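Hello,

Please find the structure below. My notes on it follow.

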Amino acid sequence: MSKTKQKKKQSVLCQQCGDAFETSATTRVTMAFCKARCRKVRNKDLMTYVGPGERLVHFQHAAKAEAFLQTLPGLTVRLDLHKVLDTLEPNVPLPNSAHTCAISYVGPLTVTRVKARKDMQARIASGQLACGFLVYKRGPRKGTDAERNTFRAPGSKAWVNMHLPLASSEIGVFVDDGYDHYASVTALKLPNLFTVHFQDGANLLAVLPA
Ligand SMILES: [Zn+2]
């Protein structure tokens, strides 16, 4: 490798194993994990459960994740993190915090993933959220509208909503500013789950059921 290329590298610590690794200082997406070991593991993740007490569970197999989701009753309020829940400070109580979770789509290898996880943990510690889910799949960027807006493969937000239980006596709500996430969950036609396409500048507290 030439010296001119090395000048554009920076050394950062892997968020999984703590080892230092070299990464490009100019890349568009900042990597969170070392190439030597952790990227190939974390790149297989479909979903991460972020629970109380800094509990983290990574799922790479759809059936195991689905079985786990089915053990989590009562999560009736399901909120996107970026530009939805994070329009509120982490310590602002919600009307139904004990039954509220965040669901965030992030790239599996990105620093954004680590930041989203830490943000969820702060909101769980404050009592604003019961738990959170990081998901790593969404409809293809260059796919048709129909593909993007009905995407429900394992690792998507729609897939989490399909498998989180909702008793017939419960009314649930899913709120997202991303149209494809909103449309894909709406397309499931889950009988007692309402969906809200959150608008820029809207007041989340006014959108949530009291
Ligand atoms: Zn590592």
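Sheet, helices and cores

In β7, Y49 has F133 as its bridge partner. This is a predicted model, in which local features need pLDDT of at least 70 and side-chain atom pairs count only at pLDDT 80 or more, while totals for chains, interfaces and linings use all residues. Residues are numbered from 1 along each chain as its sequence is written.

The bridge belongs to the pairing of strand β3 (residues 47–51) with strand β7 (residues 131–135), which is antiparallel and has four bridges. Strands (E, at least two residues) and helices (H or I, at least four) are DSSP runs, numbered from the N terminus; two strands pair if DSSP finds at least two bridges between them.

Both strands sit in an open sheet of seven strands with mixed pairing, in the order β4-β3-β7-β6-β5-β8-β9. The edges are β4 (55–59) and β9 (193–197); each has a single partner strand, so one side of each is left without a neighbour in the sheet. On average, neighbouring strands are turned by 15° against each other, direction ignored. Axes are lines fitted to C-alpha atoms, for helices over the stretch in contact, and angles run from 0 to 180 degrees between N-to-C directions.

β6 pairs in parallel with β7 through five bridges, one partner pair being C101 and C131. With strand β5 (residues 77–79), β6 is also parallel, over three bridges; there V77 stands opposite T100.

Six of the six residues of β6 are buried, so this strand is largely enclosed by the rest of the structure. Buried means that 20 or more other C-beta atoms, placed from the backbone, lie within 10 Å of the residue's own. T100, A102 and S104 point one way from β6, and C101, I103 and Y105 the other way.

Helix α4 (residues 111–125) lies across β3, β6 (100–105) and β7, at about 170° to β7. Helix α7 (residues 179–186) lies across β6, β8 (172–176) and β9, at about 160° to β9.

The largest nonpolar core has 38 residues, of which M47, A102, F133, V135 and V160 touch the most other members. Such a core is a set of buried Ala, Val, Leu, Ile, Met, Phe, Trp, Tyr and Cys residues joined through C-beta atoms within 7 Å. β6 gives the most to this core, with four residues. Another core, of five residues, lies apart from it and includes A32, C34, C38 and L109.

Not counting residues up to four places away in sequence, V135 touches M47, I103, Y105, G155, S156, K157 and V160; contact means C-beta atoms, placed from the backbone, within 7 Å.

Regards

Technical notes
Contact = placed C-beta atoms within 7 Å. Buried ≥ 20, exposed ≤ 12 C-beta atoms within 10 Å, placed from the backbone.
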